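Student: I have a structure open and a few things to ask about it. Can we start with how the helices pack?

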Amino acid sequence: MAARKLKIYETCMASKNKQFGRKAILDSHVYCFNRGYGTLDGCRCQWICSHKGCNVTLLADSDGNIKKEPRDHLHYPPDAASREANIQVGKLKKNAKETAAKTSEVVDEVRNNVSIAILGRMPSKQSLLQQVQRSRKEELNAPANPTNFVNLVIPHKFSVHQKRDSMGGAELVEERFLQSEIPVADKKILIFARQKFMNLLEDTVDWLIKIIKG
Ligand SMILES: [Zn+2]
């Protein structure tokens with residue numbers, strides 16, 4: 001008998017390990033990738049049920065062929081719309097990390113392409129917008145707050161703004177975002193701005209400045 005197979009979905013892939021965040025379906029239950037390890041018989045992936053509180057696992061090879069069947073779940077599998085909603089939220093997080101589209105565009109892209117039934121099982125639009133922002137924050141993996149300002153070096157990825165190529169290229173292009181670093185006593189003034197807003201300022205007579213002390 002041929003091995004049973006997991007249906008694996010490309011959902012939110014973390015940058016460090018392409019497996020993490022992937023989801024899969026077997027017998028109507030949704031599983032999340034848990035861990036992978038090598039054996040003499042090849043790679044084994046452990047998948048765990050995505051139902052809250054359920055810890056049923058299964059083992060599969062890297063192609064999704066089942067190597068150890070899961071035991072019985074103590075809950076019913078989600079209905080088709082809930083399963084699809086779960087997968088779509090995973091795709092949303094993947095898109096959030098991999099594209100430069102606006103937050104609302106990432107959410108609309110998913111919401112506009114699912115049926116009403118699936119939409120009804122997905123979190124609210126507001127909640128999805130927050131999930132996109134959270135996924136992007138995780139992806140940025142921002143460094144810890146500096147202990148002093150003198151030695152503060154802004155990492156390259158925070159000193160540039162990534163945008164879609166206006167010349168039509170598929171790759172993201174970078175423009176300068178950190179415009180100036182001005183030392184003041186033992187502190188620094190950092191000026192972050194996109195060039196188009198610098199141009200606007202240049203053409204503006206009155207500036208309103210808000211000073212935040214911290
Ligand atoms: Zn379960």
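Student: At what angle do the axes of α1 and α4 cross?

Tutor: This is a predicted model. In it, the axes of α1 (residues 80-98) and α4 (residues 125-140) cross at roughly 50° and come within 8 Å. That angle makes α1 oblique to α4.

Student: Left-handed or right-handed?

Tutor: The crossing of α1 and α4 is right-handed.

Student: Which residues meet there?

Tutor: From α1, L92, K93, A96 and K97; from α4, L128, Q131, V132, S135, R136 and E139. By type, the residues of this contact are 4 nonpolar, 2 polar and 4 charged.

Student: Different topic. What makes up the largest nonpolar core?

Tutor: That core has 12 residues: L6, I8, A24, L26, V30, Y31, F33, C45, W47, C49, L58 and A60. At least two of its residues come from each of β2 (23-26), β3 (29-39), β4 (42-49) and β5 (57-60).

Student: And what does L58 touch?

Tutor: Setting aside residues up to four places away in sequence, L58 touches L26, Y31, W47, I66, K68, E69 and P70. Another core, of 11 residues, lies apart from the largest one and includes A85, V107, V110 and L128.

Student: Now L152. Where is it?

Tutor: L152 sits in the loop between α4 and α5 (156-159). It counts as partly exposed because it has 14 C-beta neighbours inside 10 Å.

Student: What is L152 in contact with?

Tutor: P146 and K188, leaving aside neighbours within four places in sequence.

Student: How far apart are L152 and H51?

Tutor: L152 and H51 are 44 Å apart, C-alpha to C-alpha, and 101 residues apart in sequence.

Note on methods:
Residues are numbered from 1 along each chain as its sequence is written. This is a predicted model: local features need pLDDT of at least 70, side-chain atom pairs count only at pLDDT 80 or more; totals for chains, interfaces and linings use all residues. A nonpolar core is a set of buried Ala, Val, Leu, Ile, Met, Phe, Trp, Tyr and Cys residues joined through C-beta atoms within 7 Å. A residue is buried if 20 or more other C-beta atoms lie within 10 Å of its own, exposed if 12 or fewer, and partly exposed in between; C-beta atoms are placed from the backbone. Helices (H or I, at least four residues) and strands (E, at least two) are DSSP runs, numbered from the N terminus. Two residues are in contact if their C-beta atoms, placed from the backbone, lie within 7 Å. Axes are lines fitted to C-alpha atoms, for helices over the stretch in contact, and angles run from 0 to 180 degrees between N-to-C directions. Angles under 35 degrees count as roughly parallel, over 145 as roughly antiparallel, 65 to 115 as roughly perpendicular and the rest as oblique. A crossing is left-handed if the near helix is turned anticlockwise from the far one by less than a right angle, and right-handed if clockwise. Ala, Val, Leu, Ile, Met, Phe, Trp, Tyr, Cys and Pro count as nonpolar, Asp, Glu, Lys and Arg as charged, and the others, Gly among them, as polar.
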